[in-house]
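Take a look at the structure below before reading on. This report walks through a few spots in it, one at a time.

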Amino acid sequence: MPLPRVAWIGLGIMGAPMAENLLKAGYAVTGYTLEAHGLDRLAAAGGTPARSVREAVAHAGVVVTMLPADAEVAAVAHGDDGVLAHAAPGTLLIDMSSVTPRTAVALAEAARPRGVRVLDAPVSGGEAGAVEGTLSVMVGGGRADFDEARPLLGALGTTVVHCGPHGAGQTVKAANQLIVAANLQACAEAVVFLEKSGVDLTAALDVLSGGLAASAVLTRKRHNFLAREFTPGFRIDLHHKDMGIVTDAARRAGAVLPLGALVATLVAAARAQGDGGLDHSALLRGVERLSGTPGAAS
Ligand code: NAD
């Protein structure tokens, strides 16, 4: 089977390296994104930059979107220049952005009369996972469509799982973001507690990483905590968006998440204090502010 031509919409922190991994796997990729440097980067990696969504999807068998949030996904899908207006019947649209499960279901319903098949396939693993091609990909939609997309998704991630019908991938991603935020907040509180207690932080993180407190968050964000280095990565603005998704989806499901509600408030507080553009490991700054830690960033 020849590989399908891919249109990639959204070449940001995640989309750019993911599209590059498809190019390395032999896919022909035409891309569109808002920033000129994103288009230049795609061209330098061997892809074809397009001037619009319409131009990008014109000859594609698969369209992948990797956009910030629900509003951008809706605009790119439903606009006059958008995917649904210009993709050929039979096209497979894979939305890898993190959006609400409701948006995933609505997109699949809007696409059906046009003969466009849809999968929601959000990811976890951060920028490093995107670069390394080691993402976790949580997929919602039809089983046959998942089977068809499996080789392409396998070029982007090492854990690729069909979670259920449309929206199920986004529901699992929302749960993922709940766990990550709570874990980050706990790690940040531990860091401030350890430092205020006069314990050597490097030694403490070494031993914590070998026991039950070990986590991917602690491993991946260790440097950020030690060096107070908060270049994103994953922006607090985006995690705030994701906590809104968890809160909304949990209310609809009748699930009560007390810790989730508290962490959502702490993420919102970090944003309100001007840290929205920083990596989510900057939740540490919020704990420092609460603890009046000398030298904590204001
Ligand atoms: P980003 O802001 O770096 O990139 C988004 C890209 O979308 C930008 O390059 C922008 O040009 C493009 N875009 C926006 N509107 C567009 C439009 N109308 N047409 C074409 N392109 C448009 O965001 P990111 O960090 O790459 O995140 C993308 C998605 O992946 C988000 O939903 C995020 O929650 C999720 N995610 C991010 C990470 C991470 O670590 N950064 C990890 C997992 C999941």
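Which residues does His280 touch, not counting residues up to four places away in sequence? They are Val180, Leu184, Lys221, Phe234, Ile236 and His239, where a contact means heavy atoms within 4.5 Å.

Before going further, note that this is a predicted model, in which local features need pLDDT of at least 70 and side-chain atom pairs count only at pLDDT 80 or more, while totals for chains, interfaces and linings use all residues. Residues are numbered from 1 along each chain as its sequence is written, and side-chain values use heavy atoms, with hydrogens and water left out.

**Around His280 and helix 14**

His280 sits in the loop between helix 13 (258–275) and helix 14 (283–291). Helices (H or I, at least four residues) and strands (E, at least two) are DSSP runs, numbered from the N terminus. His280 counts as buried because its relative accessibility is 7%; buried means under 20% relative accessible area, exposed over 50%, and partly exposed in between (1.4 Å probe, protein chains only).

After helix 14 comes Gly292, with a positive phi near 60 degrees.

**Strand 1, Trp8 and the cores**

Now over to strand 1 (6–9). In a regular strand the side chains alternate between the two faces of the sheet. Strand 1 is covered on both faces, with Val6 and Trp8 buried on one side and Ala7 and Ile9 buried on the other. Strand 1 pairs with strand 2 (residues 29–32) in the parallel sense, over four bridges; to count as a pair, two strands need at least two bridges found by DSSP. Val6 has Val29 of strand 2 as its bridge partner.

Leaving out residues up to four places away in sequence, its contacts include Gly15, Met18, Ala19, Leu22, Val29, Val64, Met96 and Leu156. A nonpolar core is a set of buried Ala, Val, Leu, Ile, Met, Phe, Trp, Tyr and Cys residues joined through side-chain atoms within 4.5 Å. The largest one here has 32 residues, and Trp8, Met18, Ile94, Met96 and Leu153 touch the most other members. Among the elements that give two or more residues to this core are strand 1, helix 1 (15–24), helix 2 (36–44) and strand 8 (135–140). A second, separate core has 26 residues, including Val180, Val191, Val217 and Ala270.

Leu42 belongs to helix 2. Is Leu42 buried or exposed? Leu42 counts as buried, because its relative accessibility is 3%. Leu42 and Thr30 are 12 residues apart along the chain, and their C-alpha atoms are separated by 8.5 Å. Thr30 is also one of the residues that Leu42 touches, and others include Leu11, Ala19, Leu23, Val29 and Pro49.

**Empty spaces**

Rolling a probe the size of a water molecule over the atoms shows where empty space is left. On a 1 Å grid over the protein atoms alone, a cavity is a set of points where a 1.4 Å probe fits but cannot get out, while a pocket is an open set with protein on both sides within 12 Å along at least five of seven lines; lining residues have an atom within 4 Å of a point. Grid points are joined across faces, edges and corners, and a volume is the space filled by probe spheres set on the points. The count is two cavities of 30 Å³ or more.

| Space | Volume | Top lining element |
|---|---|---|
| Second largest pocket | about 280 Å³ | helix 8, four residues |
| Largest cavity | about 40 Å³ | helix 9, four residues |
| Second largest cavity | about 30 Å³ | helix 4, three residues |

The largest cavity is lined by Ser98, Val99, Gln170, Lys173, Ala174, Gln177, Asp242 and Ile245. Helix 9 and helix 12 are the elements that give two or more residues to that lining. Around the second largest cavity are Thr65, Val73, Val76, Ala77, Val83, Leu93, Asp95 and Leu107.
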